[in-house]
Amino acid sequence: MKNLLNKNNIIIACIILVNAVLWIIPSNITKLISKGKPILMGRYSVERLTLLFALIPISLLAIYIFSAVNKKKRRIRIFQVVTLAITFFIGLIMVDTVLRFKREARYVKTDDVVHRKPNKVFNLKIEDKPEFLNAHQESKIGYPSFDCILTTDKHGFRNKEKKEKYDIIVIGDSFTEGTDVTDDEIWAQLLAKKSEKSLYNLGMSGTDPIDYLKALKRFGTDLKPSVVICTIYEGNDFASIGSPEDRMKLGIKEKNKPLSEVIRKFFKYSPIRKGIKPYMIKAFAQVA
């Protein structure tokens with residue numbers, strides 16, 4: 001029994017040490033600043049602090065198991081912890097699933113092409129303020145808030161009218177679609193007015209060059225444009241899983257993505273995670 005207690009004490013000490021080290025080592029602050037990400041408690045990313053908080057109950061449960069004075073009590077405690085964990089995760093998954101079904105999708109797919117819901121008019125209020133407030137930033141007065149109208153056509157792209165043929169088609173991501181810019185002030189619309197050419201906008205936020213090509217093939221080629229303008233932002237356009245050549249050659253679909261990527265996207269778009277994140281930022285982000 002003495003050997004068991006000694007081993008248990010060593011394991012408990014290791015658990016405490018690992019937690020302490022993870023709290024002591026900060027996130028990459030420079031990288032967070034360069035990407036405009038929130039910095040919590042002056043040293044952690046949202047993901048890192050979430051992990052640290054999640055490790056607290058896990059570590060306490062592990063200490064509870066290894067503080068048992070004999071093997072019989074340890075087995076009882078293991079059973080209690082496993083039962084609690086299974087119950088908790090089943091409940092969490094059920095709540096997450098219900099919230100996913102209740103949430104209105106921002107984007108839909110047609111033949112593997114991502115677009116917004118068709119024939120919609122969104123009236124948005126845009127405020128000129130940082131998405132996140134951090135200790136390294138000073139809050140400065142920006143432009144006054146303004147109304148933004150986002151109109152989608154029958155295909156779910158940002159066009160007010162649909163013709164049989166267009167002179168120009170533009171493809172790209174949020175810059176081309178016109179995030180936080182009202183319909184008549186998108187650069188594509190300004191180009192159409194300036195050039196006096198008909199222009200169809202296939203831009204869609206959050207997409208990459210392979211998606212641009214899919215949208216062009218599915219919705220653009222029948223419009224027989226004379227010119228196709230493609231905008232590229234290297235900051236995120238080439239961050240997708242796999243090289244563009246491999247994705248084009250193999251026709252990789254969502255279902256064929258690596259399991260790690262599927263799990264990452266599942267948690268990334270979890271309504272529970274998205275609901276908790278703003279409160280964490282508000283509670284732990286330091287404002288200068």
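Predicted model: local features only at pLDDT ≥ 70, side-chain atom pairs only at ≥ 80, totals over all residues.
A disulfide is a covalent bond between the sulfur atoms of two cysteines. In this model, the count of disulfides comes to 0. Cys148 has a relative accessibility of 1%, and because buried means under 20%, Cys148 counts as buried. Cys230, at 40% relative accessibility, counts as partly exposed.

Attention now turns to empty space. Rolling a probe the size of a water molecule over the atoms shows where empty space is left. Across the whole structure, the search finds 2 cavities of 30 Å³ or more. The largest cavity holds about 50 Å³ of space. Its lining is made up of Val113, Val114, Phe157, Gly172, Leu202, Met204, Thr207, Asp211, Tyr212 and Ala215. Sorted by class, these lining residues are 7 nonpolar, 2 polar and 1 charged. Two elements, strand 2 (113-115) and helix 7 (209-220), each provide at least two residues of this lining, and helix 7 gives the most, with 3 residues.

For the second largest pocket, the volume is about 230 Å³. Its lining counts 15 residues, of which Asn159, Lys160, Glu161, Gln189 and Leu199 are the closest to the pocket centre. Helix 6 (residues 187-195) supplies the largest share of this lining, namely 3 residues. The lining of the second largest pocket divides into 8 charged, 4 nonpolar and 3 polar residues.

The aromatic rings complete the picture. A pair of aromatic rings is described by the distance of the centres and the angle of the planes. The structure holds 7 aromatic pairs. One of them joins Phe53 and Phe284, whose ring centres are 5.5 Å apart and whose planes meet at 45°, so this pair is tilted. Phe53 belongs to helix 3 (residues 46-66) and Phe284 to helix 11 (residues 271-284), so the pair ties together parts that are 231 residues apart in sequence. Phe53 counts as partly exposed, at 30% relative accessibility, and Phe284 counts as partly exposed too, at 28%.

Another pair brings together Phe175 and Trp187, with ring centres 5.9 Å apart and planes at 25°, so this pair is stacked. It links distant parts of the chain, as Phe175 sits in helix 5 (residues 174-177) and Trp187 in helix 6, 12 residues apart. Phe175 is exposed, with a relative accessible area of 55%, whereas Trp187 counts as partly exposed at 25% relative accessibility.

Finally, charged side chains are found over rings. The charged end of Arg77 sits over the ring of Tyr64, at 4.3 Å from the ring centre. Arg218 lies over the face of Phe219, and here the distance to the ring centre is 4.7 Å.

How values were computed
Residues numbered from 1 in each chain as written. Heavy atoms only, no water. Disulfide = S-S within 2.5 Å. Buried < 20%, exposed > 50% of the residue type's maximum accessible area, 1.4 Å probe, protein only. 1 Å grid on protein atoms, 1.4 Å probe; cavity = no way out; pocket = protein on both sides within 12 Å on 5 of 7 lines; lining within 4 Å. Points joined across faces, edges and corners; volume = space filled by probe spheres on them. Helix = DSSP H or I, 4+ residues; strand = E, 2+ residues; numbered from the N terminus. Nonpolar A, V, L, I, M, F, W, Y, C, P; charged D, E, K, R; others polar. Phe/Tyr/Trp six-rings, centres within 6.5 Å; stacked < 30°, edge-to-face > 60°. Lys NZ or Arg CZ within 6 Å of the ring centre and 35° of its normal.
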